[in-house]
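Here's a quick briefing to read with the structure open. Have a look at the model first, then go through the topics below.

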Amino acid sequence: MSNTVSPDPKFMRMAIELATDNVVTGNGGPFGAVIVRNGEVIASAANTVTSANDPTAHAEVNAIREACAKLKTFQLEDCDIYTSCEPCPMCMAALYWSRCRSVFYGNTKADAAAIGFDDQFLYDEVNRPLEQRRIPFQRMLPDEAIRSFQAWQNSNERIDY
Ligand SMILES: [Zn+2]
């Protein structure tokens, strides 16, 4: 546990307040997230799925986008995220892609499921063969699709990440 960071409750309280305020304002679900670096809040956001008409606008994704825009980076290696609820699989993946240092959460996914935000089906889908998924996934034009990868491999302009 070399990269263990001691959490500061004040940042979790901010995330919880964002989540609760979001219910009052009607901007989206009861979820809030705060991204912190060196004791400073870099970004704070609530869920805006219904107000922004964006199914990916979970609090964590909104906060990652805001933090990266502010810091002008695509990686948040020295940042910690405080989120009012255990991240769903999409946000968990986004947090991994962001390479943030640590994640602190308040409510559990079981708490979320109890009020109608059950993301267990996503964990189930990940383990299911493609042909058995609820949304059909079908491969097409592999010989043409691979050309973009070849272009990437041969590029001198690429930014590896
Ligand atoms: Zn999420």
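What follows covers the metal site, the sheet and a surface patch.

Keep in mind that this is a predicted model. It has a zinc ion held by one histidine and two cysteines, namely His-58, Cys-88 and Cys-91. There's also an open sheet of four strands, plus a nonpolar surface patch of about 510 Å².

**Zinc site**

- The zinc ion is coordinated through ND1 of His-58 and the SG atoms of Cys-88 and Cys-91, at 2.0 to 2.3 Å.
- His-58 and Cys-88 tie together distant parts of the chain, as they sit 30 residues apart.
- His-58 belongs to the loop between helix H2 (49–52) and helix H3 (59–71), while Cys-88 belongs to the loop between strand S3 (80–85) and helix H4 (89–98).
- His-58 has a relative accessible area of 22%, so it counts as partly exposed.
- Cys-88 comes in at 10% relative accessibility, which is under the 20% cut-off, so this cysteine counts as buried.

**Sheet**

- The strand order in the open sheet is S2-S1-S3-S4, with mixed pairing.
- S2 and strand S4 (102–107) are the edge strands, each pairing on one side only.
- On average, neighbouring strands of this sheet are turned by 15 degrees against each other, direction ignored.
- Strand S1 (residues 32–37) and strand S2 (residues 40–46) run antiparallel and are joined by six bridges.
- The S1 and S2 hairpin has two residues between the strands, and Asn-38 takes a positive phi near 50 degrees there.
- S1 also pairs with S3, again in the antiparallel sense, over four bridges.

**Nonpolar surface patch**

- Four residues make up the patch of about 510 Å²: Phe-74, Trp-152, Ile-159 and Tyr-161.
- Where does Tyr-161 lie? You'll find Tyr-161 in the segment after helix H7 (142–154).
- Is Tyr-161 buried or exposed? Its relative accessibility is 67%, and the cut-off is over 50%, so Tyr-161 counts as exposed.

Key: Residues are numbered from 1 along each chain as its sequence is written. This is a predicted model: local features need pLDDT of at least 70, side-chain atom pairs count only at pLDDT 80 or more; totals for chains, interfaces and linings use all residues. Side-chain values use heavy atoms; hydrogens and water are left out. Donors are N, O and S atoms within 2.8 Å of the metal (3.2 Å for Na, K and Ca); water is not among the atoms, so sites may look incomplete. Buried means under 20% relative accessible area, exposed over 50%, partly exposed in between (1.4 Å probe, protein chains only). Two strands pair if DSSP finds at least two bridges between them. Patches are made of residues with over 30% relative accessible area and no salt bridge: like charges are joined within 9 Å, nonpolar side chains (Val, Leu, Ile, Met, Phe, Trp, Tyr) within 5 Å. Accessible areas come from the Shrake-Rupley method with a 1.4 Å probe; for residues, only the protein chains shown count as cover. A salt bridge is a side-chain nitrogen of Lys or Arg within 4 Å of a carboxyl oxygen of Asp or Glu. Axes are lines fitted to C-alpha atoms, for helices over the stretch in contact, and angles run from 0 to 180 degrees between N-to-C directions.
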